Structures are given as C-alpha cells and as structure tokens.
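Biologist: I'd like to learn how to read pockets, cavities and helix packing in a model. Can you walk me through one?

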Amino acid sequence: MSMFSIGLSGLNAAQNALSTTSNNISNVYTPGYNRELTQLGQGAVGGGVKVNSIERQFNTYVSSQLNNAKTQSSALATYNNQVSQIDNLLADREAGLAPLMQSFFSSLEDLASTPADPAARQGVVGTANTLSAQFRSFDGYLQDMQSNINSQINDEVTQINNTTEQIAGLNREIALARARSGEAPNSLLNQRDHLVSELNERMDMRLNIQDGKTYNLSLPNGQPLVTGTSAFKLEAMKSEADPQRTVVGYRDGQGSVTQLKESTIKGGALGGLMTFRSETLDKTQNQIGQLAVSLSVAFNEQHKQGVDLNGEQGGDFFTVGSPQTFGHENNSSKAVIESAEFDTDTIDQLRATDYTVRFEGGMPTVTRNDNGAVVEGADWDAGTGALTFGGVALTISGTPDDGDRFEVQPVRRGASDMDVTINELDRIAAGKPMNPEDAPADWVATGAGDNRNALALQDLQQKTVVGGSASVSGAYGVIVSDVGNRTNITQVNLDARQGLTDQLKAVQQSESGVNLDEEAANLIRYQQYYQANARVIDAAGAIMDTILNLRN
C-alpha cells in the first residue's frame, strides 16, 4: 500500500476520533448518554489503520445495580414524602387532637364543679364541637390523601405503559439498524437504557437481555411487560373488594384484565405509594376512626345513664360515621349487607382494621385485613342473617353462595360524621337518677345540684375505652408514636439507600460519563494525530514529485 493510502487511513481514523470526541462533549449534559470511544485496528500488513467501531462505554452489571438502587430510593422517597405529611399533621401541638381532647375533659371538670351553670354547659358543648370538627378535619385530610394516591396510581400506570411501549419500539428499531449496518446504533441503545432506568424509578421490574441484544421486561411475579417488540399494559382499576380504592390490573395478550395483588407492585414511585397506603395511611385512618367511635360510643353510653336539668334521661351526645361495607365484584349470589352498625355490648372488641367476610358451606369466615388472622367467636345466625364480630353488627339479606366475599370497614370513616347532637344546654345529662326521698329539695324540681354523671363522664378520660386496652389520650399517643417511628425509619432507610445510589452513580459515571478535561485532552491528541497523518501525505507527495522530476 502506498504512503498516500496509509496517510489517508490515518486521516480517516483521526477524523472519526475527533468526531466521536466532539459528540461526547456536545452530549455532556444529555440524560442517559454514554461516552463513546473510537476503536482503531491495524489494517493489512503495511496497510495503515482502520476504524473497527465506535464503542459505547456501558457496563451492564453496574447499570443493573444502579437501576435496582434507584428503584428502592424512589420507593422510599415517595413513601417518606407521604408519611411526613401525616406526621406533621398529628404531631402539631396546636392543631393536633391531644390539646382539644384535654380541653374537652377540662370543660367537663368545670361542669362537675357547677352543673347548673349555663357558662359551664356552654363550655362543654363548645369544646365538644371543636373536638368533633377536628376529628372530621383529620378524616377529610386523610381521605384526600387516599383520593390523591388513587390519582397518582393512575398517572404512574399511564407513564409506565408509555415507557414499555417505547422500549418495545426501540427493540424493533435497534434490530432493524443492526440488520442494515451490522453495527450497534449507540444513540438508540442509549435511549433504551435511559427508558429502562426511568421505568425502574416508577416500579420494580425484571430485565432479561435476550441474545445480548433484545430487552425483555417482566413484573416481579414473572408476568411480561415487554417481550421483543410487544408491550403488555397495566391498568389502573377499581378494587374488586372496595370500589373506592384504585389498584393495578394486568391486561394479557387476549385483552383480559386481572387485578394484581397489591404486594406484587414493589419499588419505584408506584410501589412506594401502594406500600405507604397499606402500611401507614389505611392504619392511621382506621386508628383515628377507632378513636372517634370509641370515644363517642363510650361517652354516649355514660351520658344515657344520667339525667338533664329537666329530669329526663340523657340521649346520644355524639354521632359518628357508620361502618362501611362492600360486596365483592365477583360474588355470584345477590346477597347484600343490608345494615351495619356498632354493637355496644362488644364495643371493646372494636379494632383499627378492615375485615373480609367469606362464605363457604353457608358459614362465614371473618379475616382481619391488617394481619390475615381469622377472627374467633364471630356470632352468625343463618335464620336472621345477623353476623356480629369485633364490635360490629351486620345484617345480611339473601343467601350467600360459596366463595362470596364482603369487605367490612368498621371504623375507616368513623370520624367523618362525628358531631354533637346536643343543641340545648339543659339537655346535658350531668346528674344521675335519684329517689325523690333522697334528693335535695332543689334537685326534685330541676336536678340542678347533681354532678355525679358529669364526674363519670370526666372519668372516661382515664378509662380504657379504646379497644379495651387504652384511654383516649393513650390511644392518640400510640397513633402519633406509630407514625413518628415510621417516618424516622423511612428517613433513615432513605438516607442509607440514597448514599448507595449516589456511590453507584459515581461508579457508572466514571466509566460511562463524559469528562470534559479528558475530552479536551483527546481533542488536542487527535488533532495532532490528524496533522501528523497530513504530513505523511505531504511527504508522499514530495517523494512523488521528486521521482517525477528525476524521470524528466
């Protein structure tokens, strides 16, 4: 080969290297870009240099580790953002329930001191109204969070479907590009890897690289999301058990949609939302509802044991939200839960959880949704359709078929309708019934001097009225502590996971990222390389001129 050809091969190699370096510099801030290197090889013997390939600096192993870390970090960040909102709400010393409950019971102490005083009675009604309004406000805030999570799940599923469709499309484009040129289309490969990284931030999934080229993606349970050039969709849908709840379904190749277990969706923003909802939001809403119901029922029962200033028996002081029930979407019978109310005889069994009632052989099995435990001692009367358990009394009309299921939420919205029924101050039952011969003269007419029921109502502050194990202040303290601990644990885990993610990013960038100083040095190096090869051509030209001159 002549010196001209050798010099030209060098010029071509230098041009490619300069072009690659320039491309690296121009994409230094492009998300998902991987640094490229021009790989040179020796030509035939004495045949100069050739460009073997433009190689993408991409480490599959490091990328996989980084994607997994991003999945966990994104889930924890989403969880932490949500749980911090509840923590701030409950821990507020001024806006929290603790000071309002204290004020309410303090007003009962004032009533016990002067049971006939209108100001003391107005104080009780006023603090009771403020307390019940705050319970409703808390319920409204938590219910808004439930609605927002439903909307966010919808948005995340839409984004996931868009991303999987793009990845399937890129699988097709990359295969066609390889078939045309026989070389890897680096730009398309970067786009695909960047989409996989983004997908990991939304949801945990499994990546399988077929033949080292085609990306196949699946859910953790093995159901495919991308197979070659085909994408399968997820679908945000109403829960079969609870129409108020948005869950994720899977649409298979035949177009059928199957609801996925919530535990299937892990990691990423979507997994973080669903884990937060099941672990913290549901529990907190049930705890607040249980507190509202337990306080109201216990107060009402004690209030009914007293008499008002007119000598009449006291009635309900508070109202609360009734238990919620839903028939499963796939029930085969027409049986429905006709009524649901609190059973005051077993109210100490009321727990901060939802239940699933399943019928087999004409008999119901009641299971707690929070821990999966079967409830022992449920009382079922097949003749009347009455089912009593956990402080709740249900009436089921119709005959349930085997496999029929019902969702029961005794206290989920218990605080939503908490209110004060007393609108006349005289109706507060601060006294207790008394034989006329034993009563003071002024009480026979009005009951004005009796404070015994006011004292009993005040004593409820210390009694174990919540779940048969805690006072109202103690139960609220547990709620605040639970959420606070969960917030702290999530923050610690997030910091640790984010530290690992940052380390892996640094490792990935050290290999795949663009270093401007290094690229600037390469520009100078390849420019000199280009100039040197140009000198070779110049020298070849000079030699040729000399030879031609000698002939002449």
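Predicted model: local features only at pLDDT ≥ 70, side-chain atom pairs only at ≥ 80, totals over all residues.

Biologist: Which residues lie nearest the centre of the second largest pocket?

Modeller: Gly32, Tyr33, Lys70, Gln508 and Gln509 do, out of 22 lining residues. Helix H2 (60–91), helix H5 (186–202) and H9 each give two or more residues to that lining. As for volume, the second largest pocket has about 420 Å³.

Biologist: And how do I go looking for cavities?

Modeller: Rolling a probe the size of a water molecule over the atoms shows where empty space is left. Here the count comes to one cavity of 30 Å³ or more. The largest cavity holds about 50 Å³ of space.

Biologist: Which element gives the most to the lining of the largest cavity?

Modeller: That's H1, with four residues. Strand E1 (36–42) and helix H10 (516–551) each supply at least two. Among the lining residues are Ala17, Arg35, Glu36 and Tyr526. By class, you get three nonpolar, five polar and three charged.

Biologist: Now helix packing. At what angle do the axes of H3 and H9 cross?

Modeller: Roughly 175 degrees, with the axes of H3 (residues 97–113) and H9 (residues 472–512) coming within 10 Å. Angles over 145 degrees count as roughly antiparallel, so H3 and H9 are roughly antiparallel to each other. At the contact, Leu97, Ala98, Met101 and Phe105 in H3 meet Val472, Ser473 and Tyr476 in H9. Those residues divide into six nonpolar, one polar and no charged.

Terms used:
Residues numbered from 1 in each chain as written. Heavy atoms only, no water. Axes fitted to C-alpha atoms, helices over the stretch in contact; angles between N-to-C directions. Parallel < 35°, antiparallel > 145°, perpendicular 65-115°, else oblique. Contact = heavy atoms within 4.5 Å. Nonpolar A, V, L, I, M, F, W, Y, C, P; charged D, E, K, R; others polar. 1 Å grid on protein atoms, 1.4 Å probe; cavity = no way out; pocket = protein on both sides within 12 Å on 5 of 7 lines; lining within 4 Å. Points joined across faces, edges and corners; volume = space filled by probe spheres on them.
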